[in-house]
Each structure stands twice: as C-alpha cells, then as structure tokens.
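Student: I would like to go through the labels used for this model and see what each one rests on. Please set each value against its cut-off.

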Amino acid sequence: MSMDLRQRLAEPRIVLAPGVCDALTAAIAAAAGFEALYVSGAAIAYTRLGRPDIGLVAMTEVADHVARIADRVDVPLIVDADTGYGNALNVQRTVRALERAGAAMIQLEDQTFPKRCGHLDGKAVIPAAEMVGKIRAAADARQGAATLILARTDAAAIEGLDAALDRARAYAEAGADALFVEAPRTRADLARVTAALGTLRPLLANMVEGGKTPVLAAPELEAIGFRIVIFPGGIVRALARTAREFYASLAEAGTTEPFRDRMLDLAGLNDLIGTPAMLALGKRYDA
C-alpha cells in the first residue's frame with residue numbers, strides 16, 4: 001500500500017489527502033475516490049476526547065485508531081504521529097507500532113512536548129539537531145523500505161521561515177522522504193517553501209480553515225510546486241456544525257422530522273456501510 005504512495009508521489013499530479021477521523025469517514029472518503037487519506041491527530045483528539053489538539057492523545061490510542069481504519073479501507077494512510085511521543089527511542093517504537101497498524105507515511109514534528117495544533121499560538125520547537133536524530137531513528141526503525149517518513153517543522157512561527165527551511169533541509173538529509181513546513185503565512189511564503197525545497201523532497205501543504213495559512217485549492221498548490229495537500233480537520237468541522245444544528249433542531253421540535261432531508265435513513269446508512277454485503281458474506285460461512 002505504501003509503495004503505491006511512493007509511486008504516486010513520483011507522478012506529476014498532486015495527491016489530495018483529506019483528513020479522516022474514524023473508519024466511517026475513511027470509508028466515505030475512499031468511496032469518493034481519494035488516493036490517500038490523512039489520519040489527523042487533531043481529529044482524533046476532537047472526536048475521541050472532545051478536546052483540543054494539545055498533546056492529550058497517546059501513541060497507543062493513535063495506533064489502535066489507525067488499525068481500525070486500515071482494516072476498513074485499502075487506501076494509503078498518512079498518519080500524524082505528533083512528536084513521536086518522546087525521544088528518539090520513543091520515535092522508533094512509534095514508527096514500528098504505526099507501521100504495523102497500517103500507516104503508509106508517518107509524520108513527525110519538531111515541537112516540544114506537549115505539542116499543540118500547528119495553527120495555535122504559543123508553540124515551541126526542540127533543537128534542530130535533536131530532531132535530526134529523531135528522523136534518523138525513524139528511518140532506521142521502519143521495517144519496510146516502502147514506509148515513508150514525513151518530517152514537519154513548526155519553526156516558522158518561532159524562528160522565522162528561513163530557519164524553518166534550514167531545518168527542513170537538515171531533516172531531508174537525515175532521511176525524511178517528504179517535508180512539511182507548517183503554517184506559512186502568505187501565498188508568497190508558500191512559494192518560498194517550494195522554491196527552496198521542491199527539488200529535495202515532495203512537499204506537503206496543510207490547509208486549515210481559519211488557520212494561519214491561506215486556504216488554496218489543490219490545482220493552485222500544485223502549480224506552486226506542492227506534491228501533497230491535506231485538509232486535516234475539515235471533516236470534523238463539517239460534522240460539528242451539522243451535529244450542532246441537528247441537536248438544536250431536535251431539542252426545539254422534539255422530532256427529527258425537520259432535519260430528515262439532511263439525514264440518511266436506516267436503509268441509506270446500511271447501504272453506505274455495506275450491511276447487505278457483510279450479511280451476504282456471513283452466509284457463505286453458515287453451517
């Protein structure tokens with residue numbers, strides 16, 4: 001599966017990888033035809049804990065979550081592993097666990113712990129040399145050469161964009177297969193990233209509605225020089241708005257009737273999640 005992603009990144013077309021928060025949204029996204037999916041650490045915190053992305057989710061929770069998604073869809077998964085949950089040895093354990101769970105690409109970032117969403121203020125980063133060691137450890141730990149390491153730097157907000165670009169170059173030299181400079185502030189900054197790094201490794205752009213970076217469409221990002229674009233929390237924001245409106249309607253009306261044209265009925269949901277096919281499969285094994 002991960003080799004498919006490596007081969008896909010060698011092609012000229014950009015990879016659009018929407019964020020997913022669970023196996024259901026992954027199945028829906030896969031059915032829509034996306035060639036990769038992004039398992040967002042923030043989305044896991046939002047939906048599993050109902051809490052912000054401030055380092056509350058454990059590595060084992062992410063690995064279990066990824067395993068459930070990988071069991072449901074046959075699409076390469078780009079997995080957000082935050083800081084690797086510790087030092088270089090923790091990074092190695094994280095990489096092995098996520099690779100076993102089904103990750104095609106594992107993202108590691110250079111924030112201090114506890115980390116926070118890359119589009120929140122108040123971030124801090126570890127020394128570049130420490131992150132270089134963590135990237136080397138990650139590359140050594142993977143069991144299959146097809147598993148890709150994505151190195152993210154959050155240094156632009158703390159040390160400036162030039163420093164972030166220098167860090168990204170060092171992470172590429174340490175063995176990262178793709179690079180992610182978090183939270184450029186303008187389109188011109190996005191173009192600076194690709195001009196500086198585009199010949200080194202495939203570059204990822206992170207589109208966060210209401211975040212620090214201007215939200216551009218995939219074709220424009222492709223023209224700038226990015227190879228992957230993610231919309232990590234978009235599905236959660238869409239679900240949260242719909243849920244808020246649904247519960248408000250139910251509380252006011254005492255029935256789901258006013259909302260039903262915006263819902264699937266039971267048959268529609270069963271079709272979506274494959275209930276008829278699963279029941280038919282089960283009959284093959286009946287006594």
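Student: Why is Glu245 called partly exposed?

Tutor: Buried means under 20% relative accessible area, exposed over 50%, and partly exposed in between, with a 1.4 Å probe and protein chains only. Glu245 has 26% relative accessibility, so Glu245 counts as partly exposed. This is a predicted model, in which local features need pLDDT of at least 70 and side-chain atom pairs count only at pLDDT 80 or more, while totals for chains, interfaces and linings use all residues. Residues are numbered from 1 along each chain as its sequence is written, and side-chain values use heavy atoms, with hydrogens and water left out.

Student: What makes Arg262 and Glu245 a salt bridge?

Tutor: A salt bridge is a side-chain nitrogen of Lys or Arg within 4 Å of a carboxyl oxygen of Asp or Glu. For Arg262 and Glu245 the N to O distance is 2.4 Å, so the pair qualifies. Arg262 is in the loop between α11 (234-253) and α12 (266-273), and Glu245 is in helix α11, 17 residues apart. Helices (H or I, at least four residues) and strands (E, at least two) are DSSP runs, numbered from the N terminus. Arg262 is partly exposed, because its relative accessibility is 47%.

Student: What is at the two ends of α12?

Tutor: At its start, a side-chain oxygen of Asp265 comes to within 3.3 Å of the backbone nitrogen of Ala267. After α12 comes Gly274, with a positive phi near 80°.

Student: Why does the pair Glu182 and Arg152 count as a salt bridge?

Tutor: The closest N and O atoms are 3.7 Å apart, so the pair meets the cut-off. Glu182 lies in the loop between β6 (178-181) and α9 (187-197), and Arg152 in strand β5 (residues 148-153), so the pair ties together parts 30 residues apart in sequence. Both Glu182 and Arg152 are buried.

Student: Which residues are linked with them in a network of salt bridges?

Tutor: The network holds Asp53, Asp82, Glu109, Lys115, Lys123, Arg152, Asp154 and Glu182. The structure has 22 salt bridges.

Student: What makes Thr94 buried?

Tutor: Its relative accessible area is 1%, so Thr94 is buried. Thr94 is in helix α5 (residues 88-101). Leaving aside neighbours within four places in sequence, Thr94 is in contact (heavy atoms within 4.5 Å) with Met59, Ala81, Gly84 and Tyr85.

Student: How do α5 and helix α6 (residues 128-141) cross?

Tutor: Their axes come within 8 Å and cross at roughly 35°. Axes are lines fitted to C-alpha atoms, for helices over the stretch in contact, and angles run from 0 to 180 degrees between N-to-C directions. Among the residues that meet are Val91 and Val95 of α5 and Ala137 and Ala141 of α6.

Student: How do the residues of that contact divide by class?

Tutor: There are 6 nonpolar, 2 polar and 4 charged residues in the contact of α5 with α6. Ala, Val, Leu, Ile, Met, Phe, Trp, Tyr, Cys and Pro count as nonpolar, Asp, Glu, Lys and Arg as charged, and the others, Gly among them, as polar.

How values were computed
A polar contact is a pair of N or O atoms within 3.5 Å; within protein, one must be able to donate a hydrogen and the other to accept it, and residues adjacent in sequence count only if both atoms are side-chain atoms.
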